Amino acid sequence: MRKPIYLDYSATTPVDPRVAETMCRYLTLDGEFGNPASRSHAFGWQAEKAVEQARADVAALIHADPKEIVWTSGATESDNLALKGAAHFYQNKGRHIVTVKTEHKAILDTARQLEREGFSVTYLDPEPNGLVDMAKLEAALRPDTILVSVMHVNNEIGVIQDLAAISKILRPRGIIFHSDAAQSAGKVEVDVAALGVDLLSLSAHKVYGPKGIGALYVRRKPRVRLEAQMHGGGHERGMRSGTLATHQIVGMGEAFRLAREEMVSEAKRLSGLRDQLLRGLSDIEEVYVNGDLEHRIPGNLNISFNFVEGESLIMALKELAVSSGSACTSASLEPSYVLRALGRNDELAHSSIRFTIGRFTTAEDIEYTVRLLHEKIGRLRELSPLWEMYKDGIDLNSVQWAAH
Amino acid sequence: MAYGTKVLDHYENPRNVGSFDKADPTIGTGMVGAPACGDVMKLQIRVNSEGVIEEARFKTYGCGSAIASSSLLTEWVKGKTLEEAGAIKNTDIAEELALPPVKIHCSVLAEDAIKAAIADYRKKAGRSDSANAA
């Protein structure tokens, strides 16, 4: 068994060897290194052909038309292009945007920037299970609302939002609907028609493709307009200029093609491993799953081990590559804003670990993880004054803490 | 987050973990921090009749640096008078453990903990002295 065991697939995934092999054919002199925008020779034509095949493969995974795919540098750029592009284009119609507090920073920080430009933004609170309440969403809409952005799958807790239900509310009002699908593509079925989204952000490196490449789905029927954020040679029908990175694009295309072929069997296998992990931890006292377990991608388990601080737990779990909702490393000392938005108290938010499993995780990896957690949680709780107080029957909420 | 070797040593092999009886008049207890901030330290000292700390125990909920800061402190205060122990500065702890700037607050918390433990002991001792006098 290779250690540390990688259980952070929502942060990034290794490139699938089949993808890497494909990419290598688009770099060197003996490969297709041409500029896809070169119209005057075969080097350009071959590169363009590869790019268009990849475009078709990406489109196929989300049931879109290839013409609706715009290449970007990744989901962050896609989110920026979607939000700023739509807001700027439709600002004469209205200047109100709705999103959710548990969105990725690529959405929240972009929304903040739009606020600085004079747009007004409503940040919805999710329900305690992480899902958006439709009535609350509907109540937040105004006559001047032009854009709603709700992520498909949350990166920390893995919950799946009901995008189809949201679009049913938005469609009759003519409000543009964007969704960040960086964490859902290749993990759950994404059908842009069924979900009713107008704009959808995609990333390659969460789906066993390379980093530095992503895409934005831009609906054509009815047509959604965007103001370009990157100006230049007018690539990607003017929406995103810049020479296309052929090797990255074919990598994303191959990764998405494989995802489409293997998604169903992979999801089944990952559900099994996730359940094995959850079962293995269920006999530890004071363990809480963060986020809805039913509406959730197979590979995610976010758990709070009460009375054990997340960062020290990560230190104890140095044989595992996982991430924590505790942000003691940052100057702010703020725990995960996602878990706080669910209404989790500070202790639980500070005590959370995100396990995300993927294509190369094995049952042996999970078995080892369960054993290690039992041992380390026990050790850290022996060190924890909060655990001692809990065992003595003291209600921690009744304690007057000397905050610092 | 990369930790220094001294932090790792204290984290892997914490010294003097445990608890004394809070009600014992020779024990001073300091509990500082808050779960909301991600760290809580409990530091206890056993003080002899000469005002010298004979033993110390700690329990800490917090990151590796917080655990290391309190572990180190229990080693340092042993054999010191209350005055000497109360003079330990957070900068001494931070320097010894080579804490990075974002972890300085862990050493501040450790200094607060020993001060709180000493204050608790003195409060109890004062009360029991006056009880003896009466």
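Two residues are in contact if their C-beta atoms, placed from the backbone, lie within 7 Å. The structure is a predicted model, in which local features need pLDDT of at least 70 and side-chain atom pairs count only at pLDDT 80 or more, while totals for chains, interfaces and linings use all residues. Residues are numbered from 1 along each chain as its sequence is written, and chains are lettered from A and ligands numbered from 1 in the order in which they are written.

View 1. Leaving aside neighbours within four places in sequence, B:Ser70 is in contact with B:Met41, B:Leu43, B:Phe58, B:Thr60, B:Ala110 and B:Ala113. B:Ala113 is 43 residues away along the chain, and its C-alpha atom is 8.3 Å from that of B:Ser70. B:Ser70 counts as buried because it has 34 C-beta neighbours inside 10 Å. A residue is buried if 20 or more other C-beta atoms lie within 10 Å of its own, exposed if 12 or fewer, and partly exposed in between.

**View 2. The side of chain B that touches chain A.** Here 25 residues of chain B are in contact with 26 residues of chain A. On the chain B side, the elements that give two or more residues are β1 (27-34), β2 (39-47), β3 (53-61) and α2. The largest share, four residues, comes from β1(B). By class, this side has 16 nonpolar, six polar and three charged residues (Ala, Val, Leu, Ile, Met, Phe, Trp, Tyr, Cys and Pro count as nonpolar, Asp, Glu, Lys and Arg as charged, and the others, Gly among them, as polar).

**View 3. The largest nonpolar core, with A:Ala255 among the residues with the most contacts inside it.** A nonpolar core is a set of buried Ala, Val, Leu, Ile, Met, Phe, Trp, Tyr and Cys residues joined through C-beta atoms within 7 Å. This core has 81 residues; A:Val58, A:Ile62, A:Leu147, A:Leu199, A:Leu202 and A:Tyr217 are also among those with the most contacts inside it. Not counting residues up to four places away in sequence, A:Ala255 touches A:Asp16, A:Val19, A:Ala204, A:Val207, A:Tyr208 and A:Gly209. Another core, of 64 residues, lies apart from the largest one and includes A:Ala316, A:Leu386, B:Phe58 and B:Ala110.

**View 4. Chain A, with 13 helices and 13 strands.** Of its 404 residues, 51% count as buried. Contacts between residues 24 or more positions apart make up 73% of those in chain A with a separation of 6 or more.
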